Amino acid sequence: MGGQPLPASAAVKQEVLNVKGLSAGYGAMRVIHDLDFIVYSGERIGLVGLNGHGKSTLFYAIAGLTGWQRGSIKLNGVEVGRTRSQGPGRYTHLVVRQGLALIPQGDEIFHGLTVEEHLDSGAFTPRAWRERTKRKAGILEIFPPLRKLMKVPVGRLSGGERRMVSIGRGLMSDASLFLVDEPSLGLAPKIGKGVMAALMSVDLGDSAMVIAEQNISLLEGQVDRVIGMHVGKLKGEASAGLNFQTTREA
Amino acid sequence: MDFGFIVTNAIVLACIYGGLAIGISITWSSLGLINLSYGFVFALSGYGAWLAAQYVSTNGAVVLLAGILTGALGGVLVCALAFIPIHDKPNFTVRGLIATLAINLIGTQGLMWWFGPRSKNLPEIFGTGKLHLGNIVLTADKVGNVVLSVAMLLLVLKWMRSSRRGLEIRAMMMNPHAAAIVGIGVRRTGFYVLAITGGLAGLASVLLSQTYYISPFGGLTPMIKGVAIALCGGLGSVLGAVIAAIVLGFNEALTSVLLGGQYVLITQFILIIIVLLIRPRGIAGILDKAREA
């Protein structure tokens, strides 16, 4: 990979995430190949690519959830990646404590907890837990339909509502990096657009957000950078104007 | 035989076994561990209570507290030996089963070596009073058993409903993968879960010792019954375990009165097989309103 072009305001922005030489996979399968990836604070990045090319695995590797991984992952300057051949998820809670919020694909929800308990469970850091009432109000601003459903078990909600709960749970935390995996997956186009608009309306402040998405048109003009992912490598990059091109390596 | 006797006995047994079953159920669904060392923890806390009665005080509260604390300590020990080292290794379910079974075997032999094979007797912590309700005689230990186990159970359930740690445990019961994603540490939660379920075993141990004696292998039958009730209630469901405990408690009291005590396990397992044939997820399958996945 060549050097990553800095975004316009990069001079004052700090690196939230710095991934160097990351490889990860499951068992004998290697999904991510020596990948470098930098995210600056305040950025909204779109990560596009086909199914099975490693977008989710990249997110999982940052969270320490892949089968094995190696390479450096610095989150807010703290090394959270380590070479590991087993024990997926063993250190995930420590990475989350460093400021990661992963909003996984396919709504990893707790089917028996109510919407409110879900949002509470996302407020893991002590500060977020103290402020959880205020934060829940903030989430309800973003997703008004959840207002009526606060006491309902999530297992009874529709797909779109679950996605809102899943995203809301991620946004409850104190995170400096939000990884959103396929927010529009499996939703009706209109609802998917609504979810995406809600994500775009989140005030990031100093934190950053990476959205993995297959439907480029949903990201068009709304993110700061778009990065393509192909067979476990990051390929090509476009800024807000979205002149997305794939560069071929020899 | 009079009906009142059967009902009171059934309720007392349901309360004691229900506590054990809920412990097994919570451990399985939150940690993925079938805790077969529960019998050892049960016996250990009986001896803890006995030591307290011998050397500290025969006061009921002291004995009870000693039993519960020893049980919690035993749970922490099991966690440190059988959960922490292997919980993220492949095929943890079977490994955990074998590890806890090993702890159970070694632990009970250790207890026998240390305390000798002779059964021990705990003081009557509830006194010897009697209560007459119509023609039903309620002895103090029966009333105490029911009140204490229901109170303890409600306390645990309330704690699981309203506290943050309880939320963590329930989250892990429903989706361990997602629990890791929201930042719940599996190991720490493991200690909480096993300490609490160990405490429940300690309570059941002291309560049951009001009727039976404490012996190194005395935990085996209660553990088998606890596992059976947890299975029948649907592993992972607290309410299912409570209902199953009531049903099986009635079955045990009825069988021992109508057929004789030696047939209890037979009728119990027939009942469980029937329930699981009709409802493979146990009683919880009927109760659950939320869709899985």
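**Figure 1. Contact between chain A and chain B in the predicted model.** In this predicted model, 28 residues of chain A are in contact with 20 residues of chain B. Two helices of chain A, α2 (92-97) and α3 (115-122), each supply at least two residues of the side that touches chain B. By residue class, that side of chain A divides into eleven nonpolar, ten polar and seven charged residues.

**Figure 2. Surroundings of H177(B).** H177(B) is located in helix α7 (residues 176-181) of chain B. With its neighbours within four places in sequence left aside, H177(B) is in contact with G89(A) and E108(A). H177(B) has 13 other C-beta atoms within 10 Å. A residue is exposed with 12 or fewer such atoms and buried with 20 or more, so H177(B) counts as partly exposed.

**Figure 3. Packing of helix α5 against helix α6 in chain B.** Two packed helices are described by the angle between their axes and the distance between the axes. For α5 (residues 140-162) and α6 (residues 164-174) of chain B, the angle is about 85° and the axes are 5 Å apart. This angle makes α5(B) roughly perpendicular to α6(B). On the α5(B) side the contact is made by W159(B), M160(B), R161(B) and S162(B). On the α6(B) side the residues are G166(B), I169(B) and R170(B). Three residues of this contact are nonpolar, two are polar and two are charged.

**Figure 4. The open four-stranded sheet of chain A.** The strands of this sheet follow the order β2-β1-β4-β5 in chain A, and their pairing is antiparallel. At the edges stand β2 (29-40) and β5 (78-79) of chain A. Each edge strand has a single partner strand, so one side of each is left without a neighbour in the sheet. Strand β1 (residues 15-26) of chain A is joined to β2(A) by eight bridges. Within this pair, L22(A) has L35(A) of β2(A) as its bridge partner. Helix α1 (residues 55-63) of chain A lies across β1, β2 and β4 (68-75) of chain A. The helix runs at about 75° to β2(A).

**Figure 5. Strand β8 of chain A and its parallel partners.** Strand β8 (residues 208-213) of chain A is mostly covered, with six of its six residues buried. In a regular strand the side chains alternate between the two faces of the sheet. Both faces of β8(A) are covered. A208(A), V210(A) and A212(A) are buried on one side, and M209(A), I211(A) and E213(A) are buried on the other. Strand β3 (residues 44-49) of chain A runs parallel to β8(A), and five bridges join the two. R44(A) stands opposite M209(A) in this pairing. Strand β7 (residues 177-181) of chain A is also parallel to β8(A) and joined to β8(A) by five bridges. L179(A) has V210(A) of β8(A) as its bridge partner.

**Figure 6. Chain A as a whole.** Chain A has eight helices and ten strands. Along its principal axes, the C-alpha trace of chain A spans about 55 × 40 × 35 Å. Of the 250 residues of chain A, 46% count as buried. Among contacts in chain A between residues at least 6 apart in sequence, 67% join residues at least 24 apart.

Notes: Residues numbered from 1 in each chain as written. Chains lettered and ligands numbered in written order. Predicted model: local features only at pLDDT ≥ 70, side-chain atom pairs only at ≥ 80, totals over all residues. Contact = placed C-beta atoms within 7 Å. Nonpolar A, V, L, I, M, F, W, Y, C, P; charged D, E, K, R; others polar. Pairing = 2+ DSSP bridges. Axes fitted to C-alpha atoms, helices over the stretch in contact; angles between N-to-C directions. Parallel < 35°, antiparallel > 145°, perpendicular 65-115°, else oblique.
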